[in-house]
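Here's a walk through a protein chain for someone meeting it for the first time. Take a look at the sequence and the model, then read on.

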Amino acid sequence: MRSVSKYGFAAVTVVFEDGVDVQRARTLVSERLQGVRDQLPAGAEANLGPLSAANSEIYMYTVSGGGKDLAELRTLHDRVVRPQFRTVPGVTEVNAFGGFVRQAQVIVRPNDLVSRGLTLHDVVEAVKANNAVAAGGYLEHRDEQYILRGLGQAATLDDLRNTVIRATTAGVPTTIGEVADVRYGAELRQGAVSQDGRGEVVSGIVMMLRGENSREVVRRIRERVAEVNASLPAGVQVVPYYDQSDLVNGTLATVRRNLLEGGLLVIAVLLLFLGNVRAALLVAATIPLSLLFAFLGMRGLGLSANLMSLGAIDFGMIVDGSVVMAEHFVRTLHGDEARGALPTTRAGIAARLVAAAREVARPIAFGVLIIMLVYVPILSLQGLEARMFRPMAITVAVALFGSLLLALCFVPAIGTWVFQRGARESRYAERLAHWLDRGYARALGAVTARPRATVLAAVTVFAATMLLVPRLGTEFLPQLDEGSLLISATKDPTISLTRSVQMQQELERTVKLSPEVTTVVSRVGRAEIGSDPMGVNQSDNFVMLKPRAQWRPGVDKDSLEREITNRLAERVPGVAVGMTQPMQMRLDELISGVRADLAVKVFGDDPAVTRAVADEVAGVLGGVPGADEVRVEQTAGQGYLNVRLNRAAMARFGIPMAEVQEALETAVGGRPVSQLVEGSWTVDVAVYYPEALRTSAEAIGAITVPSPGGARISLAQIADIRLESGPVQVSRERAQRYTLVQSNVQGRDLGGFAAEVRAAVAARVRPPAGVFIVYGGAFENQQRAMARLQVVVPLSILLIALLLWVSLRSWWLAGLVLVNLPFAAVGGVLALWLRGLHLSVSASIGFIALFGVAVLNGLVLLTTVQRARLAGATPRDAATDGARERLRPVLMTALVASLGFVPVALSHGTGAEVQRPLATVVIGGLLTSTLLTLLVLPTLYTWIETARVRAAENRRRRRAAHPRPPLEREPFAAASAPESSTPDA
């Protein structure tokens, strides 16, 4: 639990563990709030925020035009626009920001109050008491009943003016209009919105209900916009400037394009290697069917189609089982026809295909099951990574299960019809197969003849590659490009709202100088219904960008950010800026409470001490390579006009504390005391002193309060009034106060940067007793995810080993297949290093997926080799012949799985950044694991199996040379079982 407290406002964030029902959590918090409300100061309210999530700000817009001023536009928004948007299904809240909120104001004239012997308290009580509806019961008139009501609510300003405060003993009344000016004005505000440097605007933010489909909700909002605009006065329009569906549609377009291109590449490989159009189309037919199976599973499990759930589906991986089955059919039927043994009847063809299917069904089943089960440990992830990758793991596992059913049932069943007249390979495919076989036979013969050199070379490559792992760097996740920017700007804490808005307009004009920017909307401070604890010195600047195709040549996101940052430093001095993105900012705030990659929290009770330590930490952090936008949270420097009441002086004059507090809170602060009814709407009524009496320390000191004796005592006589500096905000986490130091990372990995920062801070900063340092931010997510993956990845390998043993019934054969895993990792590491990508959660998931495909290829090859060995072939012949027989299916499964990810690895569309490391690892890893499967694995099998045969022969010789004497009184001689070189003999 953490909180940020500012003057007059506090935001408390309660974080629950994953899996807790959100409705139950809200109920628990509401129950606790009931017990706290009695302890809050009078007038303070504590309410739960809307039922929304970090990505719930789905639609932002401005209301402008028609020659209306900000007050009129804000009233139109609150009374016309907001109610219509709130009725859209899926919308939980519509927040208004900017403009001036309409308020009925009673501006008292102190001199008139004194001349009539009245006090401010009398005016406040008159406004409260003379604005109500009395329930008078009912009466019967003849045969009808009438309800009696006492209508005393004020509906107009004249009603307020004519409200009686007090009557003299002679019966002469004094009304509010005689001692005060009654008019419409604007509430005191702590925020504003401006756009493109042209001035202030009125803005609205549509919040989506948690768990809703953002694409559908935005579609409904868009449809409602036309109705809203039709109901507004001529010229006034709702104009959106941020639409989350643009990001959603962009990511879905990237997924569709990647899936389509990957599917076409897979079909091309099938046509190339199978050499049979019917077989290729049969395998290709399993792609949409597997995808349909996945969609049905997602529907049943309540998963949405998005970048993460669909982005990791590799059609090549899905068709692996069908590829092996169809290739074996074509090989079998083509061989039968070449030998003249092809059955002539459909029943004969079906029987032949059933027999062929049985030969490869076991390795296919276990291979695909292994790929499925390696995704199971991903379900144990926690936090943000769990929410991102669990849908992916479930979707891929469901699609793979569907592909397994299709490979074992659909392909053989349809194959009996497709191949009822046999199956021939094209001449091109035959020539390609012969060419590959000749080259492979020569290479295989060379490596199997030199097993020690082959294994030594493989181990050397693996060891050398592992030395690159520390150089990869680590990060939580690659940053998703949302297609927009959010610039957080911080100014001097004593700045006024008026000056802050002026600086914002200059900032907007500066940002607009970049031709890639379409519009800039700045939100300064906080709205009237605050959900964000921002001061008037802070602002969020939403920078909307053109489509990437319209950018200047050579300009990318990073260079654009640097250009804007440098230009702001020159043209808008005194403003500290930080670059992020709209959704990323909200997500970071929700998870860690900060808007930066790395957060250093200095905990302690004394804010002066923690601030000093935080400044030391910032100095050290700024010297670490890669540190960008280092800043210390502003905790002090806010200007306060402190009115310290002298209790002795108040007692001397007989003035109660309530009189003074009411004068400060109501007459100066303008606290609403009642409401004015305007049709179906209400307007707050506030009582003020004239502006001239509440704009300076001297003016406030001249405010008088009545004493019991009738004298008017000024505040200066009973209070010490001074302009002083005080706290800007107080941040707490786990009920402890802290000062925050935050930094982004530029040009290097987050994990390495954080490790270097921790080492530097530990070496150079010595916090005093009672002060300690905690690291957080995105780095915290990365540390948690990597710690979990250190358990998840070995668990995946253990599951693979268990399934291999079940399939092969031999631990040493299972170990041979597992040798594929480190060499698959070699390719994944090299691919990441060559592309300059860091080791992230996405890349780690790629390694898990890679291990499954690598094991499938090894299992398919080793099953064929073992079958030949059991048939009586020598270890070398079994390895060579089995490997040559499985050359084409191994190449095909590796190629289709890797090429299916090529569009993902090369894509630059929206959202491609998150999936790029995963695809890169799979492609690179399959290259090296395929080389191992085809060259090193047969070599290792030959070497180890030959050694096992020799060891068995030596044991026979020793037993023959030293036979055991028969046991006494043993009726039967024990027949010794023949020694076998394989466990399945």
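What follows goes from the whole chain down to a few single residues.

## Before we start

What you're looking at is a predicted model, so to speak of local features a pLDDT of at least 70 is needed, side-chain atom pairs count only at pLDDT 80 or more, and totals for chains, interfaces and linings use all residues. Residues are numbered from 1 along each chain as its sequence is written, and side-chain values use heavy atoms, with hydrogens and water left out.

## The whole chain

The chain holds 34 helices and 28 strands; helices (H or I, at least four residues) and strands (E, at least two) are DSSP runs, numbered from the N terminus. Along its principal axes, the C-alpha trace spans about 135 × 75 × 75 Å. The radius of gyration is 38 Å, while a compact globule of 985 residues would have one near 30 Å. That radius is taken over C-alpha atoms, and the globule rule is 2.2 Å times the number of residues to the power 0.38.

How much of the chain is buried? Buried residues make up 51% of the 985 residues, where buried means under 20% relative accessible area, exposed means over 50%, and partly exposed is in between (1.4 Å probe, protein chains only). The accessible surface comes to about 45,000 Å², and 56% of that belongs to carbon and sulfur atoms; these areas come from the Shrake-Rupley method with a 1.4 Å probe, and for residues only the protein chains shown count as cover. As for contacts (heavy atoms within 4.5 Å), take those between residues at least 6 apart in sequence: 78% of them join residues at least 24 apart.

## The nonpolar cores

A nonpolar core is a set of buried Ala, Val, Leu, Ile, Met, Phe, Trp, Tyr and Cys residues joined through side-chain atoms within 4.5 Å. The largest one here has 135 residues, and Tyr375, Phe389 and Phe419 have the most contacts inside it. Helix 30 (residues 841–870) gives the most to this core, with 17 residues. Leaving out residues up to four places away in sequence, Tyr375 touches Met317, Met392, Ala393, Val396, Leu400 and Ala849. There's also a second, separate core of 40 residues, which includes Leu157, Ile165, Val182 and Ile700.

## Asp122 and its partners

Asp122 sits in helix 4 (residues 120–129) and is buried, with a relative accessible area of 18%. Which residues does Asp122 contact, leaving aside its neighbours within four places in sequence? They are Ile165 and Arg166. With Arg166 there's a side-chain to side-chain polar contact of 2.8 Å. A polar contact is a pair of N or O atoms within 3.5 Å; within protein, one must be able to donate a hydrogen and the other to accept it, and residues adjacent in sequence count only if both atoms are side-chain atoms. A polar atom of the Asp122 side chain also lies 3.0 Å from the backbone nitrogen of Thr119.

Thr465 has its place in helix 16 (residues 451–466), and at 3% relative accessibility it counts as buried. Setting aside neighbours within four places in sequence, Thr465 is in contact with Val826, Val829 and Leu830.

Val677 belongs to strand 21 (residues 672–678). Not counting residues up to four places away in sequence, Val677 touches Gln153, Ala154, Ala155 and Thr682.

## Positive phi angles

Most residues other than glycine have a negative phi. Asp196 isn't a glycine, yet it has a positive phi of about 55°. You'll find Asp196 in the loop between strand 11 (191–195) and strand 12 (202–208), buried at a relative accessible area of 11%.

Glu629 isn't a glycine either and has a positive phi of about 55°. Glu629 lies in strand 19 (residues 627–632) and counts as buried at 16% relative accessibility.

## Aromatic rings

Rings of Phe, Tyr and Trp (its six-membered ring) pair if their centres lie within 6.5 Å; planes under 30 degrees apart count as stacked, over 60 as edge-to-face and the rest as tilted. By this rule there are eleven aromatic pairs. Trp805 and Trp811 form a stacked pair, 5.8 Å centre to centre with 25° between the planes. Trp805 is partly exposed at 30% relative accessible area, and Trp811 is exposed at 51%.

Trp812 and Tyr941 are stacked too, at 5.8 Å centre to centre and 20° between the planes. This pair links distant parts of the chain, with Trp812 in helix 28 (residues 811–818) and Tyr941 in helix 34 (residues 912–961), 129 residues apart. Tyr941 is buried, with a relative accessible area of 1%. Elsewhere, ring pairs link Tyr59, Tyr61 and Phe85 into a cluster.
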